[in-house]
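The following paragraphs lead the reader through a structure in two parts, one chain after the other. Please keep the sequence and the three-dimensional view at hand while reading.

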Amino acid sequence: MKAITFHGVGDVRVQDVAEPKVVDPTDVVLKITTSAVCGSDLHQYHGRGGALVQTGAVMGHEFMGTVEDLGPGVKQVRRGDRVIVPFSVSAVTASGASAGSPPSARRPAAPCSAGDSATSGAAARPSGSACPSPITSASACRWR
Amino acid sequence: MTDHDAIFLGDILSTGYFCAENGGIRPGDNVAVFGAGPVGLLAMQSAQLFGPTRLFAVDRVDYRLKLAEELGAEPVSLDRGDPAEQLRGLTGGRGPDVVLECVGHETPFTQAIQSVRAGGTVASVGVYVESSLSFPAREAFFKDLTLKMGICNARNYMAPLLPLVRVGKLRPSRIITHTMGLGEAPKGYAIFDRKEDRAIKVMLKP
């Protein structure tokens with residue numbers, strides 16, 4: 001599939017990258033229908049962002065799409081659901097907190113930039129990737 | 001609902017709303033938003049849900065200030081001098097009750113503190129590159145300033161804000177200026193970065 005990748009300051013290219021797949025039980029693979037360029041992507045574009053500015057790193061974190069595949073631990077969304085994905089990751093399963101919990105009951109959000117193909121044709125969120133925490137299924141907001 | 005109405009719930013709309021909420025805006029307040037980029041413009045839309053009397057947009061880029069004006073804000077151009085002074089002039093010498101900082105650099109952060117009225121609130125969602133920065137601590141102290149800043153946990157805002165988008169009380173797609181294929185992404189990044197072709201929000205289609 002195609003993805004926008006980083007190659008140097010002000011140098012991003014559209015390249016073929018590996019197809020994403022479910023690795024962990026809480027992974028979801030989306031078929032991206034729309035993505036966008038965010039102001040905070042410009043930090044990466046300007047070469048600021050640690051691991052995210054390595055050659056070939058995939059750009060982007062604003063995207064949405066439909067669920068193509070999912071791990072057995074994913075309960076909140078089903079194949080074919082249209083979902084919005086938050087740019088940030090919160091460890092809801094680790095703390096036991098839910099969406100309605102007060103801030104004190106949840107861990108701070110961690111930025112989830114790029115890790116996997118956010119601006120490409122598909123996205124997965126395997127926990128071992130550049131994404132600091134996996135997006136759990138609870139992170140996807142299901143809607144009709 | 002189209003993708004263009006929905007997608008920003010995952011990041012910049014939730015962030016803009018979070019900023020307005022952190023500002024603690026009460027009906028009748030005067031509110032200034034620093035930065036008329038995508039987050040600032042959505043913070044302006046969100047701020048209006050809380051009933052401000054006047055809303056000011058502070059930026060340097062004319063075409064972005066123009067859209068801010070279309071969204072109901074009064075433009076304050078940085079090219080016309082110190083924004084704190086301009087904002088005091090526009091609010092009877094008092095300064096805005098709430099300032100929303102949507103840029104994320106030392107200068108607008110400092111200007112936000114200098115602009116807000118005594119006892120007012122500064123809420124900041126700009127993404128800071130600096131690991132530390134200086135700010136007018138003495139002024140903040142003697143103003144009895146309230147400061148809130150942070151990265152939005154968008155997951156908590158997506159579901160509650162979705163109905164507001166659905167009924168048109170929030171219109172995030174208004175900020176979209178370009179929609180292009182994924183193959184044109186390098187151009188999309190370039191025009192957004194350089195503020196060329198009146199770019200505000202660039203959408204990509206696979």
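In what order do the elements of chain A run from the N terminus on? The model to be examined is a predicted one, and in it the elements of chain A follow the order β-β-β-α-β-β-β-α-β-β-β. Of its 144 residues, 51% count as buried. Among the contacts in chain A with a separation of 6 or more, 64% are made by residues 24 or more positions apart.

E1(A) pairs with strand E2 of chain A, residues 11–16, in the antiparallel sense, and six bridges join the two. Within this pairing, Lys2(A) stands opposite Asp16(A). E1(A) and E2(A) form a hairpin with two residues between them. Gly10(A), in the turn, has a positive phi of about 70°.

Further along chain A, one residue of a helix deserves attention. Asp41(A) lies in helix H1 of chain A, which spans residues 41–45. Is Asp41(A) buried or exposed? Its relative accessibility is 2%, and since buried means under 20%, Asp41(A) counts as buried. Leaving aside residues up to four places away in sequence, Asp41(A) touches Ala36(A), Met59(A), Gly60(A) and His61(A), and also Tyr189(B) of chain B.

The account now turns to chain B and its sheet. Six strands of chain B form an open sheet in the order E3-E2-E1-E4-E5-E6, with parallel pairing. Strand E3 (74–77) and strand E6 (146–149) of chain B are the edge strands, each of which pairs on one side only. From one strand to the next, the twist averages 20°. One pairing within the sheet may be followed in detail: strand E1 of chain B (residues 30–34) and strand E2 of chain B (residues 54–59) run parallel and are joined by five bridges. Ala32(B) has Phe56(B) in E2(B) as its bridge partner. Helix H5 of chain B, residues 83–90, packs on the sheet and touches E1, E2 and E3 of chain B. The direction of H5(B) makes about 160° with that of E2(B).

Just after H4(B) comes Gly72(B), with a positive phi of about 105°.

H2(B) is mostly covered, with 10 of its 11 residues buried. Among the buried residues are Ile12(B), Tyr17(B), Phe18(B) and Asn22(B). H2(B) is followed by Gly24(B), whose phi is positive and near 60°.

How do H2(B) and H3(B) lie to each other? Helix H2 (residues 12–22) and helix H3 (residues 38–47) of chain B pack at an angle of about 55°, with their axes 7 Å apart. The two helices are therefore oblique to each other. H2(B) passes H3(B) in a right-handed crossing. From H2(B), the contact is made by Ile12(B), Leu13(B), Thr15(B), Gly16(B), Tyr17(B) and Ala20(B), and from H3(B) by Pro38(B), Val39(B), Leu42(B), Ala43(B), Ser46(B) and Ala47(B). These contact residues divide into nine nonpolar, three polar and no charged.

H2(B) also meets helix H8 of chain B, residues 155–166: the axes come within 10 Å and cross at roughly 95°. That angle makes H2(B) roughly perpendicular to H8(B). In this contact, Leu13(B), Ser14(B), Tyr17(B), Phe18(B) and Glu21(B) of H2(B) meet Tyr157(B), Met158(B), Leu161(B) and Val165(B) of H8(B). The residues of this contact divide into seven nonpolar, one polar and one charged.

Methods:
Residues numbered from 1 in each chain as written. Chains lettered and ligands numbered in written order. Predicted model: local features only at pLDDT ≥ 70, side-chain atom pairs only at ≥ 80, totals over all residues. Heavy atoms only, no water. Axes fitted to C-alpha atoms, helices over the stretch in contact; angles between N-to-C directions. Helix = DSSP H or I, 4+ residues; strand = E, 2+ residues; numbered from the N terminus. Parallel < 35°, antiparallel > 145°, perpendicular 65-115°, else oblique. Left-handed = near helix turned anticlockwise from the far one by under 90°. Contact = heavy atoms within 4.5 Å. Nonpolar A, V, L, I, M, F, W, Y, C, P; charged D, E, K, R; others polar. Pairing = 2+ DSSP bridges. Buried < 20%, exposed > 50% of the residue type's maximum accessible area, 1.4 Å probe, protein only.
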